Amino acid sequence: MAGQATALEGQGAGMHATGAVARARITGVGGYQPGEPISNDVIEELAGELPAEVLEGLSIQQRFWLIDPRTGEHRESNADMATKAAHRALDSAGLVPEDIDGIILSTGTPEYTLPPTVGYVQEQLGLEKVSTMELRSAGAGAVQALEIARLQIAAGTRRRVLVIGSECISPVLAGTYLAMPKEKIRMRDRVPIYMFSDGAGAIVVEASDDESKGLEPGAEQAIGGNRKPGIHAVGGGTFKPLVEQQRTKRLVDLRVDVVGAGEFTPVMVLEALSGTLAAAGATPADLDWCLIPEGNVGWLLDSMEEQGTLNADFKALEGKVFDNLADTGACGSAAVPLFLDHAWRSGMIEVGQRVSLIGVEATKWIWAGITLDWTAPAPASTGRDA
């Protein structure tokens with residue numbers, strides 16, 4: 001219950017009464033996406049159409065933006081969305097902000113270079129003092145943050161950690177289609193406008209004195225090596241003089257290598273799956289569910305087949321892979337917690353089930369994964385904004 005002490009308090013945040021290491025477990029999840037859903041028809045009106053086969057391959061039916069899609073005016077901020085998701089996650093765990101002692105936020109679209117966005121979330125939650133950390137990441141970031149929270153709890157330095165993934169990509173997208181007639185927008189620049197979405201997801205991770213269930217050790221790798229970025233947000237940084245950047249057509253440009261992603265994402269997904277299972281000492285047969293963003297889209301399976309890389313582990317997960325990409329859009333750091341929130345609130349994930357969470361990002365080709373026993377009872381409320 002909110003504000004009530006647990007048996008762990010007073011014994012060291014991550015230690016049992018016997019001195020054993022505490023086990024981290026998820027006790028609440030919350031998601032938030034701004035505004036009303038924006039259909040593909042609206043995007044076509046704003047930025048032009050995509051070939052039917054490309055649109056089908058994206059597998060996205062709608063997305064949510066914090067900007068007004070027709071004017072580009074901001075209606076919310078990254079921190080606003082993150083805070084709303086945080087409150088929803090805390091409510092589902094029966095907690096209030098004062099109950100947490102750590103916040104880890106992942107985002108690739110911060111409001112400022114400094115201060116970190118997580119500091120504004122702290123402020124909006126009304127917390128004068130709390131441990132904060134921010135990861136500059138995308139699709140893999142929230143899973144990386146879960147592993148950090150698990151390690152903090154195991155080390156005894158934290159008791160309750162709020163993990164957040166939050167992304168606001170629409171302001172950059174608007175810079176493309178508001179700047180020119182849609183007929184002049186190149187096809188490669190249209191694809192991101194159809195793909196990307198805004199939103200935030202939050203996960204409450206708590207220490208437990210039950211050693212039998214919770215988060216297993218996670219795994220992560222950056223496997224891009226010398227590969228060029230698959231997703232590259234260019235502008236606003238220190239890579240070249242600001243006066244030179246100001247002379248460009250757009251101060252910030254989002255570049256997506258669609259072909260490269262199609263070729264290398266299957267490699268990331270398969271390596272992530274095997275690495276995540278190995279870290280947990282698990283097999284596909286041990287899992288009830290596996291969250292893999294884009295894990296069910298036709299192009300991914302087709303690409304694996306064409307490359308001859310479709311392996312036994314992925315085949316063994318047939319019927320167990322889930323995401324909610326079609327309804328949320330591609331939302332970077334927010335993807336995994338948003339999809340998890342949907343699966344839990346819809347009744348898909350139940351107490352006692354074993355779940356693997358996998359995040360991948362095409363920035364410099366990074367994957368992260370973690371396996372856990374689901375222990376959170378079904379939430380009392382449902383719905384996207386409840």
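1. A residue is called buried when its relative accessible area is under 20%, exposed when that area is over 50%, and partly exposed in between, with a 1.4 Å probe and protein chains only as the basis. Trp-289, at 18% relative accessibility, therefore counts as buried, and Phe-322 is also buried, with a relative accessible area of 5%.

2. This is a predicted model, in which local features need pLDDT of at least 70 and side-chain atom pairs count only at pLDDT 80 or more, while totals for chains, interfaces and linings use all residues. Residues are numbered from 1 along each chain as its sequence is written, and side-chain values use heavy atoms, with hydrogens and water left out.

3. The secondary structure of the protein chain comes to 13 helices and 14 strands, where helices (H or I, at least four residues) and strands (E, at least two) are DSSP runs numbered from the N terminus. Buried residues account for 54% of the 386 residues, and the C-alpha atoms fill a box of roughly 65 × 50 × 40 Å along the principal axes.

4. Rings of Phe, Tyr and Trp (its six-membered ring) are paired if their centres lie within 6.5 Å, and the pair is stacked with planes under 30 degrees apart, edge-to-face over 60, and tilted for the rest. By this rule the count comes to five aromatic pairs. In one of them, Trp-65 and Tyr-177 have ring centres 6.1 Å apart and planes at 20 degrees, so this pair is stacked. Because Trp-65 lies in the loop between strand E3 (62-63) and helix H3 (78-92), and Tyr-177 in helix H6 (residues 170-177), the pair ties together parts that are 112 residues apart in sequence. Both Trp-65 and Tyr-177 are buried.

5. Trp-289 and Phe-322 form an edge-to-face aromatic pair, at 5.9 Å centre to centre and with 90 degrees between the planes. Trp-289 belongs to strand E11 (residues 289-291) and Phe-322 to strand E12 (residues 321-322), so parts that are 33 residues apart in sequence are tied together by the pair.

6. A charge sits over a ring if NZ of Lys or CZ of Arg is within 6 Å of the ring centre and within 35 degrees of the ring normal. The charged end of Arg-227 sits over the ring of Phe-264, 4.0 Å from its centre, and also over the ring of Trp-365, 5.2 Å from its centre.
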